[in-house]
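Please look over the structure below.

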Amino acid sequence: MAVADYDFHLFDLDGTLVDAEWSYTRGVFDRVGDRLGRPFSDREAYVLWHGLGGARGGTLRELGIDPDAFWPAFHAEEDPIARAEATYLHDDAARLLDTVDDAGGPTGLVTHCQRFLAEPVLDRLDLADRFDAVICCTDETGWKPDPDPIELAMTDLGVDPRTDHGYYVGDGESDVGAAWNAGLDAVHVERVGHEDRGRCVLGDRRVSRLDELLGPT
């Protein structure tokens, strides 16, 4: 697949287009651990941040942590400005987005990152104008792998997967599931490596860099 062959383009944010410096992530988990009275090892923080264990709710329960206690603590310790300053755009993602601009067609973002965190990141990295629709998942919009947030983005973009050819790019199993459930081609970008993830994530296209999508292979 090449992005020029598609009518519209949808992307995940964290782990796909951008990532945060480890020092920021480690600091957040240190403070969350203080709130919960339960420290997090580097590996636990890494797995949870990147969703390497699949759905984070399940991973938290395996660690003996109540997700209903974790998420309020986590969001309370996230600083939107500090996170934006610690976040960088992958160079291969920048090249892909430039190609998407040239190819034309509406472009959207569907992310589990909450709006109060996502908007400062998009603004600081000059990404906000790249997207015609931005969906930040909530209980109201639904959560990937459910198709609802993808379908909401397509409605905002004015496209229909029955007549328009589109894809969704993400770094997690839930991203692939959401794409397929919404009738789109699924692209999985593996930035941490199969061995570190502990599994191989399927997809219509699997890449280690997004600029692999610049042309047919």
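## The aromatic cluster

Which residues form one aromatic cluster? They are Y24, F29, F40, W49, F70, W71 and F74. This is a predicted model, so local features need pLDDT of at least 70, side-chain atom pairs count only at pLDDT 80 or more, and totals for chains, interfaces and linings use all residues. Residues are numbered from 1 along each chain as its sequence is written, and side-chain values use heavy atoms, with hydrogens and water left out.

A pair of aromatic rings is described by the distance of the centres and the angle of the planes. Rings of Phe, Tyr and Trp (its six-membered ring) pair if their centres lie within 6.5 Å. Planes under 30 degrees apart count as stacked, over 60 as edge-to-face and the rest as tilted. The whole structure holds 12 aromatic pairs.

F40 and F70 make an edge-to-face pair, because their ring centres are 6.0 Å apart and their planes stand at 65 degrees. F40 lies in the loop between α1 and α2 (42-50), and F70 in helix α4 (residues 67-77), so the pair ties together parts that are 30 residues apart in sequence. Helices here are DSSP runs (H or I, at least four residues), numbered from the N terminus.

F40 has 6% relative accessibility, so F40 counts as buried. Buried means under 20% relative accessible area (1.4 Å probe, protein chains only); exposed is over 50%, and partly exposed is in between. F70 is buried too, at 2%. F70 also pairs with F74. That pair is stacked, with 5.4 Å centre to centre and 25 degrees between the planes. F70 and F74 are four residues apart in helix α4, about one turn of the helix.

## Where α1 meets α2

The axes of α1 and α2 come within 10 Å and cross at roughly 105 degrees. The two helices are therefore roughly perpendicular to each other, a label for angles of 65 to 115 degrees. Axes are lines fitted to C-alpha atoms over the stretch in contact, and angles run from 0 to 180 degrees between N-to-C directions.

W22, Y24, T25, R26 and F29 in α1 meet D42, A45, Y46, L48 and W49 in α2. Contact means heavy atoms within 4.5 Å.

T25 sits in helix α1 (residues 22-36). At 1% relative accessibility, T25 counts as buried.

Note on methods:
Angles under 35 degrees count as roughly parallel, over 145 as roughly antiparallel, 65 to 115 as roughly perpendicular and the rest as oblique.
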